[in-house]
Amino acid sequence: MIEEVNKIIYNMLISGRGVFLPEVGTLYIERQAARKLADGRLLSPRNTVVFVDGVQAPSLVEEIVAIAGCGVEQAQDIYDRWLQKVRSEGRITIGDIGSIQGHTFTTESSFNSAINPKGVKTLVVRRRSNKWLYAVCAICVVIALG
């Protein structure tokens with residue numbers, strides 16, 4: 001049962017809909033822009049999983065109802081048993097996706113690779129020198145004055 005619920009969460013996230021976990025919060029994928037790092041490098045754009053409190057996506061219980069063709073009470077029972085098994089010491093571990101601890105979501109590397117198929121790259125930003133431009137301008141001025 002745990003694997004099946006984890007797969008439903010995986011599919012909801014990959015599809016871009018996000019997933020609301022009752023009594024926990026909402027997970028969704030957000031596209032983050034490129035970011036300049038302090039040492040003159042640039043982190044490429046990437047997708048990240050964001051965890052927020054409240055309902056901001058379809059409910060996992062409703063998705064279980066739709067997929068399993070069962071009633072809401074039975075789907076809620078499946079969800080409650082799943083949550084009880086994946087919660088340990090304040091951490092919720094969702095297999096092959098990541099874990100929630102406090103208000104922080106940590107993505108597993110395999111899921112990070114799935115949502116960023118081209119990877120996340122760090123680029124070195126080199127500043128170009130304009131000395132050649134100044135030299136050409138100086139030569140032009142000298143020729144024009146001569």
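Begin by selecting V5, N6, I8, I9, M12 and L13, which are the buried residues of helix α1. Viewed down the axis of α1, these buried residues fall within an arc of 155 degrees, so they line one face of the helix. The model shown here is a predicted one.

After α1 comes G16, whose phi is positive, near 90 degrees.

Which residues have the most contacts inside the largest nonpolar core? Select I9, L21, L27, L60 and W82 to see them; the core itself has 28 residues. Two or more of its residues come from each of α1 (2-14), β1 (19-21), β5 (46-52), α2 (60-68), α3 (72-86), β7 and α4 (109-115). The greatest contribution is that of α3, with six residues.

Leaving aside residues up to four places away in sequence, L27 touches L13, G18, V19, L21, V49, V50, F51, I94, I100 and F105.

Proceed from I94 to the strands. Strand β7 (residues 91-94) pairs with strand β8 (residues 98-101) in the antiparallel sense, over four bridges. Within β8, G98 is the bridge partner of I94. The two strands form a hairpin with three residues between them, and D96 in the turn has a positive phi of about 65 degrees.

Then select strand β9 (residues 104-107), which pairs with β8 in the antiparallel sense, also over four bridges. Here the bridge partner of G98 is T107. Two residues lie between the strands in the hairpin of β8 and β9, where G102 takes a positive phi near 65 degrees.

Return to D96 and select S110 with it: their C-alpha atoms are separated by 6.7 Å, although the residues are 14 apart along the chain. S110 lies in helix α4. Is S110 buried or partly exposed? Its relative accessibility is 43%, so S110 counts as partly exposed.

Finish at helix α5 (residues 131-145). Its 15 residues reach 21 Å from first C-alpha to last, close to the 21 Å expected at 1.5 Å a residue. How many residues of α5 are buried? The count is zero among its 15 residues, and α5 is hardly covered.

Note on methods:
Residues are numbered from 1 along each chain as its sequence is written. This is a predicted model: local features need pLDDT of at least 70, side-chain atom pairs count only at pLDDT 80 or more; totals for chains, interfaces and linings use all residues. Side-chain values use heavy atoms; hydrogens and water are left out. The expected span of a helix is 1.5 Å times one less than its number of residues. Buried means under 20% relative accessible area, exposed over 50%, partly exposed in between (1.4 Å probe, protein chains only). Two strands pair if DSSP finds at least two bridges between them. A nonpolar core is a set of buried Ala, Val, Leu, Ile, Met, Phe, Trp, Tyr and Cys residues joined through side-chain atoms within 4.5 Å. Contact means heavy atoms within 4.5 Å. The arc is that of the directions from the helix axis to the C-beta atoms.
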